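Please inspect the sequence and the structure before reading each solution.

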Amino acid sequence: MTARRPGWRGIFCLIALVVPLALGGAEALAQAGRSTGLPLPRFVSLGADRVNVRFGPGKQYPINWVFARKGLPVEIIEEFDTWRKIRDHEGEEGWIHSSLLSSKRTIMVIGEVRDVRRTPGLDSRVVLRAEPGVIGQLFDCEENWCRVEIEGRRGWLQRSEFWGTRPGEIVR
């Protein structure tokens with residue numbers, strides 16, 4: 001038998017594995033699997049009225065369920081090429097094509113009817129009462145309060161009263 005020299009393809013594959021390790025170890029190697037390089041997990045919203053959620057990252061995977069609510073906040077937990085693995089407010093996970101997502105930040109009221117207040121603080125005037133499931137736009141967050149807009153009215157909600165931000169996440 002004669003020994004074979006590695007071709008260009010073999011050398012390229014070796015470089016693709018060694019360079020990330022040299023530049024930052026396991027963290028760089030994990031980053032190499034991401035499509036956007038944006039932090040994970042992160043929140044986005046549905047950008048279409050009808051969104052198929054699949055079992056895997058590709059059209060060859062069967063549809064698991066369908067969202068029919070544009071603007072619903074979802075959390076991206078993984079990326080593969082142009083596909084994003086998301087988690088919804090109930091903890092369900094599935095894959096969505098990135099073209100069906102929007103970077104617009106939204107929130108969904110959870111629990112019970114919530115008071116949206118004029119300024120952050122429980123002693124502030126109530127400007128709106130929002131029912132569970134209502135979706136609003138997220139503007140910014142300070143510690144435990146976030147400024148939102150629901151049905152054209154702006155105010156502040158406690159972070160624990162809605163779904164759509166990470167604990168302690170600063171939103172500007």
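**Exercise 1.** Are Trp65 and Phe67 buried or exposed?

*Solution.* The model is predicted: local features need pLDDT of at least 70, side-chain atom pairs count only at pLDDT 80 or more, and totals for chains, interfaces and linings use all residues. Residues are numbered from 1 along each chain as its sequence is written, and side-chain values use heavy atoms, with hydrogens and water left out. Buried means under 20% relative accessible area, exposed over 50%, and partly exposed in between (1.4 Å probe, protein chains only). By this criterion Trp65 is buried, and Phe67 is buried as well.

**Exercise 2.** Characterise the aromatic pairs of the structure.

*Solution.* Rings of Phe, Tyr and Trp (its six-membered ring) pair if their centres lie within 6.5 Å; planes under 30 degrees apart count as stacked, over 60 as edge-to-face and the rest as tilted. The structure contains two such pairs. In one, Phe43 and Trp163 are edge-to-face, with 4.9 Å centre to centre and 80° between the planes. Phe43 belongs to strand β1 (residues 42-46) and Trp163 to strand β14 (residues 162-163), so this pair ties together parts 120 residues apart in sequence. Strands here are DSSP runs (E, at least two residues), numbered from the N terminus. Both Phe43 and Trp163 are buried. For Trp65 and Phe67, the ring centres are 5.7 Å apart and the planes stand at 85°, so the pair is edge-to-face.

Note on methods:
Helix = DSSP H or I, 4+ residues; strand = E, 2+ residues; numbered from the N terminus.
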